[in-house]
Amino acid sequence: MKRIGITATIPVEAVFAASLTPVDLNNVFITNFSPSRFIDAAHSEGFPRNVCSWVKAMYSVARQSKIDAIIAVANGDCSNNQTIAELFKDMGIKVHEFSFPTDPHAESARRRLIEEIDNLCAFLGIDREKLYAAFEDIKRIRRKLKELDELTAKGYVTGEENHSWLVSSSDFKGDLELFEHDLDAFLISAKKRPPKSSVVRLAFVGVPPLITNLYEYINRIGAEVVYNEVQRQFAQFTMLDEKGDIYDQYLNYTYPYSVAGRIKDIKENLQTRNAAGVIHYVQSFCHRQMHDLLFRKHIELPLLSLEADAPGKLDERSKIRLESFVEMLRGKTESQ
Ligand code: SF4
């Protein structure tokens with residue numbers, strides 16, 4: 001079956017509807033036993049060092065893997081994507097560029113998204129009927145991911161497990177049936193655990209982290225992540241209680257649009273999940289780092305910004321900052 005690389009979350013329903021296998025290039029990178037090798041390979045090809053590691057890795061993954069075509073998000077994900085799409089084309093890979101509308105609330109947004117998804121379907125050789133059938137099918141799995149997320153807020157699922165399941169839903173590991181089977185088994189066992197309590201409840205906002213032991217370290221110092229903002233958005237279940245269609249789903253997705261929508265979503269979740277503080281992960285050389293200013297201004301809870309460049313463990317300075325942050329939050333919680 002043909003493998004279709006994706007550079008970010010796209011309407012993956014279309015890829016499955018075409019009986020093709022989606023491969024999120026980011027997931028190939030971060031789940032590899034030695035992710036740094038993709039970055040080293042990009043450097044040895046002459047990639048500038050001051051480019052985000054996710055971008056360098058996507059380039060190397062596309063070069064080293066068997067990918068038949070790539071769907072690159074040209075608008076709504078990363079300012080580097082148009083350039084990286086040019087590099088993919090130069091490798092001889094067929095590239096389809098997908099754009100989210102700029103403002104999801106604009107009158108024209110739905111029409112523009114329909115056009116974009118129609119173009120994607122044409123590229124993949126399917127019609128709307130097949131797309132809508134795949135949407136209904138995958139919705140069943142998204143509902144289960146929503147349940148997993150609710151179990152995280154209740155303490156049955158760890159922040160790390162939540163992160164890893166939700167991130168992998170961008171391409172469902174290329175196999176819907178297997179993904180759902182494993183997810184069912186996970187949910188059954190998670191619901192049998194005693195819920196975790198007496199921990200400092202943290203929210204994680206920002207792009208998925210390259211720090212390999214972040215969640216483990218957070219647990220070690222007596223805290224737990226009860227909300228993973230962007231990962232939760234990747235899983236596309238935020239509209240499932242409404243009678244929405246596939247276009248509503250991707251218009252409700254906050255990540256490709258303005259940061260104001262993200263902040264609104266974050267604030268709602270901080271409240272419902274009773275979070276004590278926020279960790280904002282910033283990726284070195286990412287334009288989204290500038291959102292830190294707005295998060296600090298508009299989020300009322302204590303916020304710690306953590307930055308990393310390449311895959312690896314927490315450095316000593318970050319460990320100390322995390323420990324002091326959690327200690328401060330613990331003191332605040334106990335005095336309330
Ligand atoms: S972390 Fe930032 S620069 Fe890197 S791929 Fe994501 S959006 Fe682009």
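Select S169 to start the tour: S169 sits in the loop between α8 (159–167) and α9 (176–191). This is a predicted model. Is S169 buried or exposed? S169 is buried, because 26 other C-beta atoms lie within 10 Å and 20 or more are enough to count as buried. Now show what S169 touches. Leaving aside residues up to four places away in sequence, S169 is in contact with L145, F234 and A235. Take F234 from that list: along the sequence, S169 and F234 are 65 residues apart, yet in space they are 6.9 Å apart, C-alpha to C-alpha.

Stay in the loop between α8 and α9 and select K173, which is found there too. K173 has a positive phi of about 50°, although K173 is not a glycine. Most residues other than glycine have a negative phi. K173 is partly exposed, with 17 other C-beta atoms within 10 Å.

Next go to F285, in the loop between β7 (277–283) and α14 (291–298). F285 is not a glycine either, and has a positive phi of about 70°. F285 is partly exposed, with 18 other C-beta atoms within 10 Å.

Now show the ligand. Which residues are around the ligand? Select C52, W54, V55, C78, N80, V207, Q283, C286 and R288. Coloured by class, this shell has six nonpolar residues, two polar ones and one charged one. Domain 1 (3–129) and domain 2 (138–334) each give at least three residues to the shell.

Helix α5 is the next stop. Select residues 81–90 and pick out N81, I84, A85 and F88, the buried residues of α5. Turn the view to look down the axis of α5: these buried residues fall within an arc of 105°, so they line one face of the helix. On the other side of α5 are T83, E86 and D90, which are exposed. What covers the buried residues of α5? The cover includes α4 (53–64), β3 (69–75) and β4 (94–99). Just after α5, select G92, which takes a positive phi of about 90°.

Step back and colour the protein chain by domain. The domain assignment gives domain 1 (3–129) and domain 2 (138–334). The centres of the two domains, taken over C-alpha atoms, are separated by 22 Å. The contact takes 29 residues from domain 1 and 23 residues from domain 2. On the side of domain 1 that touches domain 2, at least two residues come from each of α1 (13–17), β2 (21–24), α3 (36–44), α4 and α6 (109–124). By class, that side of domain 1 has 16 nonpolar, eight polar and five charged residues.

To finish, show the whole protein chain as a cartoon. How many helices and strands are there in the protein chain? There are 15 helices and eight strands. The radius of gyration of the chain is 20 Å, close to the 20 Å that the globule rule gives for 336 residues, so the chain is as compact as a globular protein of that length. Along its principal axes, the C-alpha trace spans about 60 × 50 × 40 Å. Buried residues make up 42% of the 336 residues. Of the contacts between residues at least 6 apart in sequence, 71% join residues at least 24 apart.

Technical notes: Residues are numbered from 1 along each chain as its sequence is written. This is a predicted model: local features need pLDDT of at least 70, side-chain atom pairs count only at pLDDT 80 or more; totals for chains, interfaces and linings use all residues. A residue is buried if 20 or more other C-beta atoms lie within 10 Å of its own, exposed if 12 or fewer, and partly exposed in between; C-beta atoms are placed from the backbone. Helices (H or I, at least four residues) and strands (E, at least two) are DSSP runs, numbered from the N terminus. The arc is that of the directions from the helix axis to the C-beta atoms. Two residues are in contact if their C-beta atoms, placed from the backbone, lie within 7 Å. A residue is near a molecule or strand if its C-beta atom, placed from the backbone, lies within 6 Å of it. Ala, Val, Leu, Ile, Met, Phe, Trp, Tyr, Cys and Pro count as nonpolar, Asp, Glu, Lys and Arg as charged, and the others, Gly among them, as polar. Domain bounds come from an automatic or database domain assignment. The radius of gyration is taken over C-alpha atoms; the globule rule is 2.2 Å times the number of residues to the power 0.38.
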